[in-house]
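Subject: Structure handover and findings

Dear colleague,

I am passing on the structure we spoke about, together with notes on what was found in it. Please look at the model first and then read on.

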Amino acid sequence: MAADLSPSPTGAAQASASLPARSRGERLNEWLDRNARHIFLWPAVVLILVFSIFPLVASLVIAFSRIRLSGGGFQVRFVGWRNFDKQLFGSEQFHFLGTFGPLSLMGWVFGLAVTAGVIWWIAAYLRAGPTFIGTLGRLFPWGLVLGLGWLLSYTALSGRPFGTLLTTYFYVLVGCAIQFVIGMGLAYLCSRAIRGRNFFRVLFFLPLMITPIGIGYTFRMLADTSKGPFSPLWQAAGLGDFSWATDPWAARMFIIIADSWQWIPFVFIMLLAAFENVPRDYSEAASMDGASEWQIFREITWPQIMPVAATVMLIRVIEAFKIVDLPNIMTSGGPGIATESMSLHALFAWRSLDLGQSSAVAYLLLFVTVVTCVSFFNLVVLRRVRS
C-alpha cells in the first residue's frame, strides 16, 4: 500500500508560521520591482500628454473658433468651418492658394498633361491587380499630384502669383532634391579611400551645428550685392544694381541655397554611415568581373542604402514643411508673399492676433504634410519592402 506523502494541514500551518513575516518595506520593494517599467514609462507619457496632445486639441478648438482679445480676458465664439473656408474659398484664398483666373494656353496644356499622366498611372495600377488597401493608399498621391498640377496651371503657368501652399512645396521638392543629390554625392566621396577624408567629414558636418537664425543673417549678408563681402564679384558680373530681395524667384532660390547649406550635412552624415556599412565583398567581386563604378553603384550600393535614404528623405521632407526661420529673416516673406511658407503664414496671422486663422493654417499644413508623407511612404518605402 502506497504511503500518503501529501503534507498535512497542521504541518503546512506550522511551516508558514515558521517563516518570518515580511515588512512593509520589503513588500514595497517587491511591488516596485514588478512595476518598474510602468513607473519609468509614465513620466514620459504624462509629458507627451501635457506638452503635445493638449496643445493639439486646444489648437483644434481654436481653429473652429473666433477669438477676440480684450482687456479683461478674451471671448471665444464657435464659427465652424469659417476659418478654413476663408483660406480655401474666401478673402484669404489669394494668400493660401493664389490668385485664380482664366487659364492660359500653357496652363491648359500642363493641366491636361498632368490629368493624362494620373489617368495612365491609375490604369497601370489597375492592370497590375489592385487591392483595397493599395487603392486606398494610392488615392493620396493621385489626388495630390492632380490637385497641385491644376493649382500650378491656374496660378503660375497662367501668369498669376501663387500662394503659400505652392511656395512651401517649392521649398520641399526643390530644396530636398538638391540636398539629397549633393549630400549623397559628398557621402559617397568621403566613403572612398581619398586623402583627407576625415577632415572633409568634419568640415561638411559643421553647418548643421549653426542655428537657422545665424544662417539666415549670414546668407542675407552674403547675398547683398552692394555692401556684402562678395559685392566686388557681383559688380564684376554686372549685377551690382540687382536686388534679389525684390525678385520673387531670386528670393526663393536664395532661401533654397541657405536651407540647403544648413541641411546637406544631415543628409551627408546619415548616408555616409549607410555607405560605410555596405559590404565591400560585393563591390570588389563586381569590380573583378569588369563592372564599372556606375554599375556597381546602381546594382549593388544603391539597393543596400535605399532603406536609409528613404528614411532620411522622409525626415527631411517633414522638416522642410516647417521652414519658417530663413524666409522670416532673409525676406520677411517678401516681396509681397512670394517667399512666405505656410508656417510663416501661420506665424504672421498669430502676430496679428488672428488666432483662429493661424490655427486653421497650421492644421492645413498638418493635412498637407500627412498626405505628402503617406504618398511618399506608399510610393517609395512600401514598394521597396515588397520588392
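This is a predicted model: local features need pLDDT of at least 70, side-chain atom pairs count only at pLDDT 80 or more; totals for chains, interfaces and linings use all residues.

Residues are numbered from 1 along each chain as its sequence is written, and side-chain values use heavy atoms, with hydrogens and water left out.

The domain assignment, which is automatic or taken from a database, gives domain 1 (25–62) and domain 2 (161–386), and the centres of these domains, taken over C-alpha atoms, are 36 Å apart. Contact here means heavy atoms within 4.5 Å, and by that criterion 5 residues of domain 1 touch 4 residues of domain 2. The buried area (the accessible area, with a 1.4 Å probe, that two parts lose on being put together, summed over both) is about 350 Å² between the two domains, with carbon and sulfur atoms giving 65% of it. In domain 1, S59, L60 and I62 lose the most area to domain 2, together accounting for 84% of what that side buries.

A salt bridge is a side-chain nitrogen of Lys or Arg within 4 Å of a carboxyl oxygen of Asp or Glu; the count between domain 1 and domain 2 is 0, whereas the overall count by this rule is 6. One of them joins E30 and R34, whose closest N and O atoms are 3.3 Å apart, and both residues lie in helix α2 (residues 24–34), 4 residues apart, or about one turn of the helix. Helices are DSSP runs (H or I, at least four residues), numbered from the N terminus.

Another salt bridge pairs E293 with R192, again with 3.3 Å between the closest N and O atoms. This pair links distant parts of the chain, since E293 is in helix α14 (residues 293–320) and R192 in the loop between α8 (164–190) and α9, 101 residues apart. A further salt bridge, at 3.4 Å from N to O, is formed by the side chains of K322 and E319.

Buried means under 20% relative accessible area, exposed over 50%, and partly exposed in between (1.4 Å probe, protein chains only). On that scale R34 is exposed at 52%, while E30 is partly exposed at 35%. In helix α16 (residues 342–351), the buried residues are M342, S343, L344, H345, A346 and A349.

Best regards

Technical notes. Helices (H or I, at least four residues) and strands (E, at least two) are DSSP runs, numbered from the N terminus.
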